[in-house]
Amino acid sequence: MTRLTPQKPAVPRPGGDITPAPERRPAQDPAWRELVDAVREAGQYPTRSEAESVTRIVLSALGGHVVGDERVDLARALPEEAARVVASQIPATRRLTAAEFVDSVAARIEGATPATARWDVSSVLSVLPPLVGDELVTRILDQLPPGYALLFGRAELTPAA
């Protein structure tokens, strides 16, 4: 069976050469830049590019684990580019513990260890509460297994026995 893969459109060059068209990057709205800058500052990343990459990876991982109204509300509260990253994910079939979530992010980042991935996850998730609101973060945390609160920069409160 032959598989067709999408190809970039060709662009004629002077002299008759044909080269693939350059990839188009979405227009960067100011809210997206502010989010990436906040992640860059929180994670102390040396470049905007690194902060943007980490932001996309973490938000895509989160997008698979937040479902229902919370996912819709999260997408609405985020900048358009971030909302696309979250909303484009297929819901996960299994809920991951916070440690498994961090490990899943580590698997997506070249050279990452569990420790560096935890830093990356926390750098992104800790900037979300001021952006999306504490009430929505609380609803998201209620949906996720215990342990995620620390990743969002919150204390993990457990009821007294």
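## Exercises on helices and salt bridges

E81 and R84 form a salt bridge, with their closest N and O atoms 2.6 Å apart. The model you are looking at is predicted, and the exercises below start from this pair.

**Exercise 1.** Find where E81 and R84 lie, and decide whether each is buried or partly exposed.

*Solution.* Start with the helix: both residues belong to α4, three residues apart, which is about one turn of the helix. Next, take the accessibility of each partner. E81 has 8% relative accessibility and counts as buried, because buried means under 20%. R84, at 39%, counts as partly exposed.

**Exercise 2.** Work out how E52 and R56 are placed in their helix and how close their N and O atoms come.

*Solution.* First locate the pair: E52 and R56 both lie in α2, four residues apart, or about one turn of the helix. Then check the distance: the closest N and O atoms of this salt bridge are 3.0 Å apart. As a last step, compare the surroundings. E52 is buried, with a relative accessible area of 9%, while R56 is partly exposed, at 23%.

**Exercise 3.** Describe how α1 and α2 pack, and which classes of residue make the contact.

*Solution.* Begin with the geometry: α1 (residues 30-43) and α2 pack at about 100 degrees, and their axes are 9 Å apart. That angle makes the two helices roughly perpendicular. Now turn to the residues that touch. On α1 they include W32, L35 and V36, and on α2 they include A51, E52 and R56. Sorted by class, the contact has six nonpolar, one polar and six charged residues.

**Exercise 4.** Find which residues of α8 are buried, and where they sit around the helix.

*Solution.* List them first: in α8 (residues 134-143), the buried residues are L136, V137, I140, L141 and Q143. Viewed down the axis, they fall within an arc of 155 degrees, so they line one face of the helix. On the other side, E135 and D142 are exposed. To finish, ask what covers the buried residues: α3 and α7 are among the elements that do.

Note on methods
Residues are numbered from 1 along each chain as its sequence is written. This is a predicted model: local features need pLDDT of at least 70, side-chain atom pairs count only at pLDDT 80 or more; totals for chains, interfaces and linings use all residues. Side-chain values use heavy atoms; hydrogens and water are left out. Buried means under 20% relative accessible area, exposed over 50%, partly exposed in between (1.4 Å probe, protein chains only). The arc is that of the directions from the helix axis to the C-beta atoms. Contact means heavy atoms within 4.5 Å. Axes are lines fitted to C-alpha atoms, for helices over the stretch in contact, and angles run from 0 to 180 degrees between N-to-C directions. Angles under 35 degrees count as roughly parallel, over 145 as roughly antiparallel, 65 to 115 as roughly perpendicular and the rest as oblique. Ala, Val, Leu, Ile, Met, Phe, Trp, Tyr, Cys and Pro count as nonpolar, Asp, Glu, Lys and Arg as charged, and the others, Gly among them, as polar. A salt bridge is a side-chain nitrogen of Lys or Arg within 4 Å of a carboxyl oxygen of Asp or Glu.
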